[in-house]
Amino acid sequence: MEREDVNGAAAQNCADKAGVAGKVIAVTGAAGVLCRALCEDFLRHGAFVALIGRHMDKLEALREELAAKGLTAAISVEADVLDRKAVEAALATILAKWGRIDILVNGAGGNHPKGTTPAEQMEPTTPVEDTFFGMNEEGFSHVFNLNLTGTVIPCQVFGKAMCDAGKGVILNFCSMASFHPLTKVGAYGAAKAAVANFTCWLATHLAPMGIRVNALAPGFFVSDQNRFLLIAKDGSGYTARGNKVIAHTPMRRFGEPNDLCGAARFLVSDEAGFITGVVLPVDGGFIAHSGV
Ligand SMILES: NC(=O)c1ccc[n+]([C@@H]2O[C@H](COP(=O)([O-])OP(=O)(O)OC[C@H]3O[C@@H](n4cnc5c(N)ncnc54)[C@H](O)[C@@H]3O)[C@@H](O)[C@H]2O)c1
């Protein structure tokens with residue numbers, strides 16, 4: 001790939017300003033519901049963005065959609081975050097294109113029905129297949145590994161390059177389940193609690209190297225992975241669980257992807273230069289509310 005100069009005077013002027021202008025940002029899970037909004041926002045604020053994901057066709061469709069809006073400083077890079085060699089190759093592609101990596105956003109992750117129990121609680125009459133004891137071990141491991149190991153591997157690969165450069169920022173994705181378990185999604189909650197713990201651990205470990213590590217904890221945003229839990233199949237409204245979430249959310253709505261942009265941009269920018277090891281809820285007050 002041809003090397004592009006991102007250290008020229010124009011970029012340097014931008015890089016001196018607060019925000020993400022002139023920064024080289026890698027986003028995993030870029031074509032997902034939440035991260036595509038972040039990618040667009042980063043580009044609108046003058047960043048260079050590597051769209052990383054498993055499916056080149058989806059990444060290219062996103063890149064073209066962004067380019068049609070005049071946001072041309074993006075490249076598509078195919079990599080599975082669980083495949084270390086592919087992640088290393090993704091980093092090499094970014095370094096070949098832009099010469100450095102400033103920011104990593106670990107957006108790849110999510111839940112899967114196979115790591116979920118249909119029953120919220122087990123009663124004596126609950127069919128066993130709907131309980132923890134019917135949960136498929138492969139499904140549990142898939143969800144756990146995707147969220148935790150799929151964060152750890154890019155942190156190791158990209159974090160090392162940042163350490164070599166003496167600076168860098170990592171932003172992980174936690175969830176409401178990082179703070180309190182949510183019924184049904186046991187594997188997902190265990191993984192996201194681990195991501196929160198790992199975020200604080202890595203922030204401590206890498207602070208002397210000039211690397212900051214934080215996480216966003218989005219509240220409830222409707223996406224492909226949780227639609228089946230929140231929205232009725234026939235589209236007639238929310239599920240009982242969806243209604244419960246809304247009732248527990250002081251702002252009385254689900255999040256919109258753009259709700260995350262300001263928080264993400266702030267945490268990865270130099271304006272947050274003394275902030276590391278935080279897990280920031282962006283949740284319409286869900287965590288703040290006791291339920292009573
Ligand atoms: N949507 C919500 O309400 C919500 C709430 C809290 C946290 N989150 C977290 O936010 C992040 C983004 O979620 P989303 O709602 O946009 O989900 P999404 O499913 O729309 O996006 C996830 C993206 O990750 C990609 N991905 C999956 N496995 C991958 C792998 N092995 N390698 C590379 N890419 C892979 C998917 O293809 C998809 O593009 C996830 O970590 C999710 O757990 C979401």
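Which residue stands opposite Leu104 in β5?

A: Leu104 stands opposite Ile170 in β5. Before we look around that pair, please keep in mind that this is a predicted model, in which local features need pLDDT of at least 70 and side-chain atom pairs count only at pLDDT 80 or more, while totals for chains, interfaces and linings use all residues. Residue numbers start from 1 along each chain as its sequence is written.

Helices (H or I, at least four residues) and strands (E, at least two) are DSSP runs numbered from the N terminus. Two strands pair if DSSP finds at least two bridges between them. A residue is buried if 20 or more other C-beta atoms lie within 10 Å of its own, exposed if 12 or fewer, and partly exposed in between, with C-beta atoms placed from the backbone.

Let's begin with the two strands of our pair. Strands β4 and β5 run parallel and are joined by three bridges. Besides the pair you asked about, Val105 has Leu171 as its bridge partner in β5. β4 is covered on both faces: Ile103 and Val105 are buried on one side, and Leu104 and Asn106 are buried on the other. In general, side chains in a regular strand alternate between the two faces of the sheet.

The bridge partner of Ala26 in β4 is Leu104, the residue we started from, and Thr28 has Asn106 as its bridge partner. All five of the five residues of β1 are buried, so β1 is largely enclosed by the rest of the structure. Val24, Ala26 and Thr28 point one way from β1, and Ile25 and Val27 the other way.

β1 is also joined to β2 by five bridges, again in parallel, and Val27 has Leu51 as its bridge partner in β2. Here the chain crosses from β1 through α2 to β2 in another right-handed β-α-β crossover. Next comes β3: β2 (residues 48-53) pairs with β3 in the parallel sense over five bridges, with Val49 opposite Ala74. Helix α3 (residues 56-68) packs on the sheet there, touching β2 and β3, and its direction makes about 175 degrees with that of β3. Helix α4 (residues 84-98) lies across β1, β2 and β3, at about 155 degrees to β3. Contact here asks that two C-beta atoms, placed from the backbone, lie within 7 Å, while axes are lines fitted to C-alpha atoms, for helices over the stretch in contact, with angles from 0 to 180 degrees between N-to-C directions.

Stepping back, these strands belong to an open sheet of seven with the order β3-β2-β1-β4-β5-β6-β7 and parallel pairing. Its edge strands are β3 (74-78) and β7 (279-282), each pairing on one side only. From one strand to the next, the twist averages 20 degrees.

Finally, there is a ligand, surrounded by 27 residues, of which Gly29, Gly32, Leu34, Gly109 and Ser223 are the closest (a residue is near if its C-beta atom, placed from the backbone, lies within 6 Å).

How values were computed
Right-handed = clockwise from strand over helix to strand, strands pointing away.
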